[in-house]
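Please look over the sequence and the model below before reading on. The briefing that comes after them is grouped by topic.

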Amino acid sequence: MRALWLSALALMFILAQTLVAQARPDSLADLVEEVSPAVVNISTSTVVASRSGPQGIVPEGSPFEDFFREFQDRQGQGDQNRPRRSAALGAGFVISEDGFVVTNNHVIEGADEILVEFFSGEELPATVIGKDPNTDIAVLKVESDTPLPFVSFGDSDVARVGDWVMAVGNPLGQGFSVSAGIISARNRALSGSYDDFIQTDAAINRGNSGGPLFNMDGEVIGVNTAILSPNGGSIGIGFSMASNVVTNVVDQLQEFGETRRGWLGVRIQDVTEDMIGAVEGLETAAGAMVTDVPDGPAKDAGIESGDVILTFDGTDVEDVRGLVRTVGNTAVGKAVRVIVLRGGKTQTLLVTLGRREEAEAAVPAAQPVTPEEPTEKDMLGLTVTPMTEELRTELGLDEGAEGLVITNVDELSKAYEKGMRAGDVITEASQQKVVSVSDLDARVAEAEEAGRKSILLLVRRGGEPRFVALALDE
């Protein structure tokens, strides 16, 4: 019996070792050989304008300027004032046999000449087909007499934290170099509206920019773009733009030479927990709150300030970032169904998307309203007063600006904690316009009668709107 138990234990140990071996590849050599021919080094050169005069020595126009220029020429420093070329290095990868190459926009930005070097050592000049600063993606084209080896994009949405990945590029100008690691995190946002980065601990350094991040099937699931580092070198925190963002951009750049993103035409903010009690019918802190609707597709379709966008084109809206990405990835001119929450009920509206790149911010002209005689009142931790011409001038507001001006905020109040300050303007309360103290009083009374614990205010600062929910017991 003891021997049988030991045999079973040994078998379990062997099976566990087998599973570990399957999860972690013994070698990436076969994968490297498969994909390397499609990975390229990219070198660029840019003409740097000459400097005028012996800068840093004498002021421009000084009577000693000619003397010092002659002195520099004798010392061999005169060449520093002549036009010269600066070089930069990066990486990229071929995505089609006819020579389309993907890299980062910052790798080729401002370049006069772009040279693509292949794994074989062959070098070909490249031209820019299109670029997108928003996602830092650029598409190049090289001409070759023979079909080029290329790699394909994979589905970044199925990649999981912990999956093995491999980065290939040109780190610090050292030529073709491979590093491996795992996916450390997904859906990282750095600074852009369309960011969807894969975070990896695979070593990424300067020169890796624009290179591919491969899964173990040899598919590109990311474009290496940035690192987080206090010293400029890899510390195991690298970011690759997810392939499902990149492919949409690449398709548009190949077809049009530019991006053509969908445009809804609203200003929005995230729905927060404290808005649940202030917005009728809102049950969860999900969706996007519409703060303003300038002239555009949304206004034409009937979307209003105060609406909460719940779904867009059949996709649930979790937050502002997700909605911006979804709208941007939707075709220009497409008619989409948008479900909004308004007055405690949902409504479905049909919106025909415009093109974001062509959109111009337009603020509807405000209708002149004559407010009551100015009086101040303390409420909700705020001191408010109706708008006057003097206040418009003092705050630098448009001639038609209206609402209640906040003249003071109690520093111990929730309003202060939520960032409200003197000079902010309240334009709506409970999604209704307010231009006088009595308007705000009425909205507060209505909210209390309805049993709500908070009231939703639309607040503008410098023309930028945002919603703030304040407790009624302040």
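Predicted model: local features only at pLDDT ≥ 70, side-chain atom pairs only at ≥ 80, totals over all residues.

Residues are numbered from 1 along each chain as its sequence is written, and side-chain values use heavy atoms, with hydrogens and water left out.

**Strand 12**

- Five of the five residues of strand 12 (residues 238-242) are buried, so this strand is largely enclosed by the rest of the structure; buried means under 20% relative accessible area, exposed over 50%, and partly exposed in between (1.4 Å probe, protein chains only).
- Strand 12 pairs with strand 9 (residues 197-200) in the antiparallel sense over four bridges, where pairing requires that DSSP finds at least two bridges between two strands.
- Strands, like helices, are DSSP runs numbered from the N terminus (E, at least two residues, for strands; H or I, at least four, for helices).
- Strand 11 also runs antiparallel to strand 12, joined by five bridges, and Asn224 has Ser240 in strand 12 as its bridge partner.

**Salt bridges**

- The structure holds 22 salt bridges, each being a side-chain nitrogen of Lys or Arg within 4 Å of a carboxyl oxygen of Asp or Glu.
- Glu143 and Lys141 form one of them (3.3 Å, N to O); Glu143 is exposed, with a relative accessible area of 58%, whereas Lys141 is buried at 14%.
- Arg461 forms a salt bridge with Asp424, their closest N and O atoms being 2.7 Å apart.
- Because Arg461 lies in strand 26 (residues 454-461) and Asp424 in the loop between helix 9 and strand 24 (425-429), this pair ties together parts that are 37 residues apart in sequence.
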